[in-house]
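Hi,

Here is the structure I said I would pass on.

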Amino acid sequence: MKKYLEEIIERSRTFIGYPGAVDFNYSELYPFLEFGLNNVGDPFMESHCDMHTKQFEREVVGFFAELFNAPEKNWWGYVTNGGSEGNLYALYLARELYPNAMVYYSETTHYSVQKNIQLLGMQSIVIRSKENGEMDYEDLKDTLQMHRHQPVIILANIGTTMTEAKDDIPTIKTILKSFAIKNAYIHCDAALAGTYLALLNDGSFDFRYGSDSIAISGHKFIGSPIPCGVVLVKKTNKDRIGRNIPYIGTFDTTITGSRNAITPLFLWYAISKLGKEGLMQRARDGMNVAAYAVEQLNKIGVAAWQNKNALTVIFPKPSQHLCHKWQLASESAISHLICMPGITKLHIDSFVKDLAEEYPTVKRSIERSNYMLN
């Protein structure tokens with residue numbers, strides 16, 4: 001275990017390819033790990049078991065309800081195991097509302113969505129994506145026209161996996177209105193970008209703009225040693241699926257029975273300690289580091305770019321050695337790094353130095369591959 005800890009400490013120094021904050025410190029909460037805490041059942045209802053952190057969970061959900069402009073007195077949510085569970089819950093809720101609906105999602109959507117759709121036995125159609133990863137609205141329009149007789153469930157991305165592209169909810173709403181589709185449900189997978197976009201007043205995906213549910217990850221922008229997230233839905237929709245369980249003395253309204261009671265405490269602690277201003281500063285710092293990364297990569301001739309208000313920087317895939325060393329996420333011919341809280345300009349400088357040493361070789365390899373493909 002000591003040897004493995006040393007390895008993890010070493011690998012954490014070059015962890016820039018995946019979305020997870022690396023600057024958190026929850027040491028003050030370690031005493032709570034001595035107890036078997038369990039947030040079983042609905043977070044807004046007590047149960048026979050008092051060993052829980054539901055009071056903290058409710059405050060966390062309330063924070064995000066305010067951040068995402070949820071309808072007053074008509075919101076509900078809980079702390080999940082991550083964005084994938086949030087997406088599953090939203091799709092489950094949408095299916096109960098519209099059992100015969102067709103689900104539409106873009107080809108750059110997170111891999112968990114297709115799995116969730118299969119688990120729920122739902123019908124679905126994949127929509128093309130544009131070059132930057134955003135949904136192709138013309139393809140959505142053409143496809144909806146052919147299936148306009150069915151209720152519609154849209155899964156919109158607020159930060160795609162590889163390029164952090166955002167689907168435009170107002171545009172999607174306009175398309176639905178053009179076909180007079182009233183039986184529609186829009187869920188936003190905002191796992192990575194949702195929190196900091198809303199903090200930076202770029203929340204054109206929230207409930208005011210027509211979203212019916214939003215899922216975010218807690219271990220990404222805020223940071224946590226245990227994966228977690230939050231899902232927010234309209235309470236009137238949630239009330240259709242809950243059922244009373246006498247054994248636990250509360251309603252079963254979540255995906256799992258027993259639920260993690262430590263992660264709500266982590267999120268509550270971070271939100272309380274940093275406050276909205278502190279979280280906003282984390283977002284601004286990340287944006288500055290991302291812009292710096294694009295600038296430094298461009299200086300050495302690497303065609304790096306980013307979507308608007310994104311922490312993700314995309315560039316041609318380097319050697320396998322660098323992908324492994326810096327733990328870069330890659331797909332086809334591109335890789336990315338993500339300037340999460342805790343990633344500094346020093347990390348970028350070190351990576352750019354490594355890349356500069358091998359870039360001429362990598363560039364020739366890419367050009368040779370493109371020549372052979374053409």
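Predicted model: local features only at pLDDT ≥ 70, side-chain atom pairs only at ≥ 80, totals over all residues.

Searching the whole structure for aromatic pairs turns up 15 of them; a pair here means rings of Phe, Tyr or Trp (its six-membered ring) with centres within 6.5 Å, called stacked when the planes are under 30 degrees apart, edge-to-face when over 60, and tilted for the rest. Take Phe-315 and Phe-351: their ring centres are 5.6 Å apart and the planes sit at 45 degrees, so this pair is tilted. Phe-315 belongs to strand β10 (residues 312–316) and Phe-351 to helix α12 (residues 345–373), so the pair ties together parts that are 36 residues apart in sequence. Helices and strands are DSSP runs, H or I of at least four residues for helices and E of at least two for strands, numbered from the N terminus. Both Phe-315 and Phe-351 are buried, where buried is under 20% relative accessible area, exposed is over 50% and partly exposed is in between (1.4 Å probe, protein chains only).

Residues are numbered from 1 along each chain as its sequence is written, and side-chain values use heavy atoms, with hydrogens and water left out.

Back to the rings. Phe-24, Tyr-26, Phe-266 and Tyr-269 make up one aromatic cluster. There are also charges over rings, meaning NZ of Lys or CZ of Arg within 6 Å of the ring centre and within 35 degrees of the ring normal. The charged end of Arg-282 sits over the ring of Phe-221, 5.7 Å from its centre, and Lys-345 lies over the face of Tyr-292, 5.0 Å from the ring centre.

Now for the spaces. I used a 1 Å grid over the protein atoms alone: a cavity is a set of points where a 1.4 Å probe fits but cannot get out, a pocket is an open set with protein on both sides within 12 Å along at least five of seven lines, and lining residues have an atom within 4 Å of a point. Grid points are joined across faces, edges and corners, and a volume is the space filled by probe spheres set on the points.

The largest pocket has a volume of about 1100 Å³. It is lined by 41 residues, and the closest to its centre are Phe-15, Tyr-18, Pro-19, Gly-20 and His-219. Elements that each supply at least two lining residues include α1 (2–11), α3 (83–97), α4 and α8 (219–223). By class, this lining has 16 nonpolar, 20 polar and 5 charged residues; Ala, Val, Leu, Ile, Met, Phe, Trp, Tyr, Cys and Pro count as nonpolar, Asp, Glu, Lys and Arg as charged, and the others, Gly among them, as polar.

As for cavities, the count is 1 of 30 Å³ or more, and the largest cavity holds about 40 Å³ of space. Its lining includes Tyr-78, Glu-85, Thr-256 and Arg-259. Strand β1 (residues 75–80) gives the largest share of that lining, 3 residues.

Which residues of helix α4 (residues 111–120) are buried? They are Ser-112, Val-113, Asn-116, Ile-117 and Leu-120. They cover an arc of only 140 degrees around the axis, which puts them on the same side of α4; the arc is that of the directions from the helix axis to the C-beta atoms. Tyr-111, Gln-118 and Leu-119 are exposed on the face turned away from that buried side. Gln-114, also in α4, is partly exposed at 45% relative accessible area.

Two backbone spots may interest you. Ala-180, in the loop between α6 (169–178) and β5 (184–189), has a positive phi near 55 degrees without being a glycine, and counts as exposed at 59%. Asn-201 also has a positive phi, about 60 degrees; this residue is in the loop between α7 (194–199) and β6 (213–217) and is exposed at 72%.

Finally, Gly-83 in helix α3 is buried at 9% relative accessibility. The C-alpha atoms of Gly-83 and Gly-229 are separated by 5.6 Å, with the residues 146 apart along the chain.

Cheers
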